[in-house]
Amino acid sequence: MLYYILKRILQMIPVLIGVTLILFLLMYIIPEDPARLILQQGATDQALANLREKMGIDQPLHIQYFRYMKNLLQGDLGTSYRYRRPVTGILADAYPNSIRLAFAAILIEILIGLCAGMIAAVKKYSFWDTLVTVSTTLAVCVPVFWLGMIMQNLFGLRLGWLPISGMGDGSIQYYILPAFTLASVSTAYVARMTRSSMLEVMSHDYITTAFAKGLSYRLVVGKHALKNALIPVVTLIGLNLGALMGGVVLTETVFNWPGIGRTIYLAILERDTPVVLGGTLVLVIIFLVLNLVVDVLYGLLDPRIRVAKQEVKV
Amino acid sequence: MFSKQGTGKVYNGASGYGYKKTSLYRNAWRRLKKNKLAMVGLSIICVLAATAIFSPLVATHDPTARIKEESFRSPSTEHWFGTDILGRDIYSRVIYGSRISIMVGVVAVGISLAIGITMGALAGYFGGFPDTMVMRMADIFFAFPYILGAIAIMTVLGPGLVNIFIAIGILGWAYFARLFRGSVLSVKNKEYVAAARALGASNFRIMAKHILPNSFAPMIVLGTMNVGTAIIVEASLSFLGLGVQPPTPAWGHMLSESLNYINIAPWMMFFPGMAIVLTVLGFVLLGDGLRDAFDPRM
C-alpha cells in the first residue's frame, strides 16, 4: 500500500511542474508591464526599473521560471496588482472557507448520489428509477450558477427558509444552499454511476449464489453488491472533484461566499492577474491532493490493486 | 467492431431476399432514428440551429435597443419574456444569444477535436516517445478543471469571442486525444492496416484512409457531448464577465445582469437559464443516443 501511495505522489510531481509552467507562461504573456500595474500611474522610470529588477522581470524566460518555482516552494505566489499585498496572504484568508464548502458538497454528493443510485438500481424500471434517471439527466444540463440563483429565489426570497448570501456566523444553515448548488452536477453523476454499477454487479453469479444460500435481500444488496459496486463510484468521485473546484468560483460568486472562488471573481473584475492565477494554482493543487486521497481510498477498497503492487515488488 | 462498409441481407417483400448496402454510419443512423430521446435531442438542436441562423426573423425586437420607460416589464404579449433593467426585450436577446452559444460550442469543440485527433494519432500510431510525451501533456491538462483553466486563460487573453474559442478549444483536446489514442491502438494491428502497409502506403495515407475512418465513431459521441459542456463553460465565462462583451447578447451575461434583480424581476434569470438547459439537454440526449447507436452492446 505504501508503495502505491508513494508511486501516486511521484506521479503528481511532473503534473504539478507542468501546471506551474502553463500558469507561469500565462503570466508571462500578459501584454501589460507588471511593474506599471503594481505602481500604477505616476510612477517614475527609476521606480519602475527598480521594481522590475526586484521582481526579476528583466531576466530571460528560463531564469524567471526558476525564480517563480523557487518563490512558489517558499509559498510566494506573487504580489496583487490591486492590493499590493502578497497573493498568498489574500488566498490564505479565503481558502479555509472554500475547503469547508467543498467538503460539505462532497458529503452531499456521496450521501444523496449513492442513495439515489442504489434506490434506482434496486427498484429498476419503477417510478423511483425513472425519477432518478430524469432528474440526474436534467441536473447535468443545469449550470451551477443558475441553479444557485433559482434556489436563492425559491428557498431564500420566496419561502424565507434559508439565508441566501455570505456565511454569516458559519452555522449549518448558511452552508445548505451553496453546498447543494455546488454538489448538484457531481451528485447526478454519482447517482448514475451507482445505478449502472449496482445493476452490473447484481447480474454476477456470486449474487445469485448469495440469494441461493437464502441470504436476505438487504444483506445481499448491502454487503455483497454495494461494496463491489462502490469501486467505480469512488473513481468517479475523484474525477468529479475537478468540476467541484471549477464550480467553487461560480457558486461562491452567486452566494457571496468569502472563499477562493469569490476572491478569484473579484480579481477578474479588477484585472488582478496574479490573484487569478495564484487562486487557480491553489485550487488545482487542492484538486490533485483530494484526487490522491481518493486514489488511496480506491486502493484500500479494492484489494486487487494492493495484491497487484505486491506482485510487482516480488 | 463493425466493418466500415459491407452488405446486409434484407427482405424485399414479394421479390424475396436481397442485399442492401450497409456501413457503420448507416447502421448507426438506423438505430439512432429508433431512439426517441435521441430524436428529441436532435430536434432541439435543429430548432436551435434554425433559431440562431434566422434570429432576425424570429426575434420581435432589436436585442440591443434600450427603452428606459420599458424597464422591468414582466412577460406579456408585447414582451413575451419581459424586459431587463435597460428596457431591452429578453425574448429577442435569448434568440440572438443562441448564436453565440452554438458558435462557441461548435467551433471550440472543432478545435479540441482537431488537436485531439492529431495528438491521439501521433501517440497511438507511433507509440514510444511520442506516446509518452502526448499522454504526460494530457495528464497536465486533465489537472486543470475545465472552468478554472478557461478562467485563467481568459483573464490573460482578455474577453472576446475568439479568445473563448481558443480557451475552450485548447482545454478540451486531452479528452479527445486519450479516446482517439485508444481507438487507434485497437485498429492499427488489423489486417487491412497491415495490407495497406504491405502495399507500400505511407504512414499519413494509412492514418487518413484507414485508421481515421475506423476510429472516428467514438469522437462523434464525445464531440456531441462536449458541445454541451462548451456551452456551459461559455455561459460561465460570460457570467463572470470574461465572455462576449455587452451589448452583444449572451445567455451567461444575461444571467449575470439578473443577479441583482432576482427578487424584483425573476424572469430576467429564468428564460436565459432555461435556454441553456434546453440546449445542453439537446446535446446530452443526442450524445447518449449516438453512443448507443454506435455501440449497441451498451
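How many helices and how many strands does chain A have? Chain A has 13 helices and zero strands, where helices (H or I, at least four residues) and strands (E, at least two) are DSSP runs, numbered from the N terminus.

The structure is a predicted model, in which local features need pLDDT of at least 70 and side-chain atom pairs count only at pLDDT 80 or more, while totals for chains, interfaces and linings use all residues. Residues are numbered from 1 along each chain as its sequence is written, and chains are lettered from A and ligands numbered from 1 in the order in which they are written.

**Chain A as a whole**

Along the principal axes, the C-alpha atoms of chain A fill a box of roughly 85 × 65 × 30 Å. Of its 314 residues, 37% count as buried; a residue is buried if 20 or more other C-beta atoms, placed from the backbone, lie within 10 Å of its own. Two residues are in contact if their C-beta atoms lie within 7 Å. Among contacts in chain A with a separation of 6 or more, 70% join residues 24 or more positions apart.

**Helix H1 of chain A**

Helix H1(A) covers residues 2-28, and its end C-alpha atoms are 39 Å apart. Val19(A), Ile22(A), Leu23(A) and Met27(A) of H1(A) are buried. Their cover includes helix H12 (273-301) of chain A, and also helix H5 (128-142) and helix H6 (146-157) of chain B.

**Where the chains touch**

In total, 34 residues of chain B are in contact with 39 residues of chain A. On the chain B side, H6(B) gives the most, with eight residues. The table sorts this side by class; Ala, Val, Leu, Ile, Met, Phe, Trp, Tyr, Cys and Pro count as nonpolar, Asp, Glu, Lys and Arg as charged, and the others, Gly among them, as polar.

| Class, side of chain B touching chain A | Count |
|---|---|
| Nonpolar | 26 residues |
| Polar | six residues |
| Charged | two residues |

**A helix pair in chain A**

The axes of helix H6 (residues 127-139) and helix H8 (residues 172-202) of chain A come within 8 Å and cross at roughly 140 degrees. Axes are lines fitted to C-alpha atoms, for helices over the stretch in contact, and angles run from 0 to 180 degrees between N-to-C directions. H6(A) is therefore oblique to H8(A), since angles under 35 degrees count as roughly parallel, over 145 as roughly antiparallel, 65 to 115 as roughly perpendicular and the rest as oblique. Val132(A), Thr136(A) and Ala139(A) of H6(A) make the contact with residues of H8(A) including Ser184(A), Val185(A) and Arg192(A).

Note on methods: The expected span of a helix is 1.5 Å times one less than its number of residues. A residue is buried if 20 or more other C-beta atoms lie within 10 Å of its own, exposed if 12 or fewer, and partly exposed in between; C-beta atoms are placed from the backbone.
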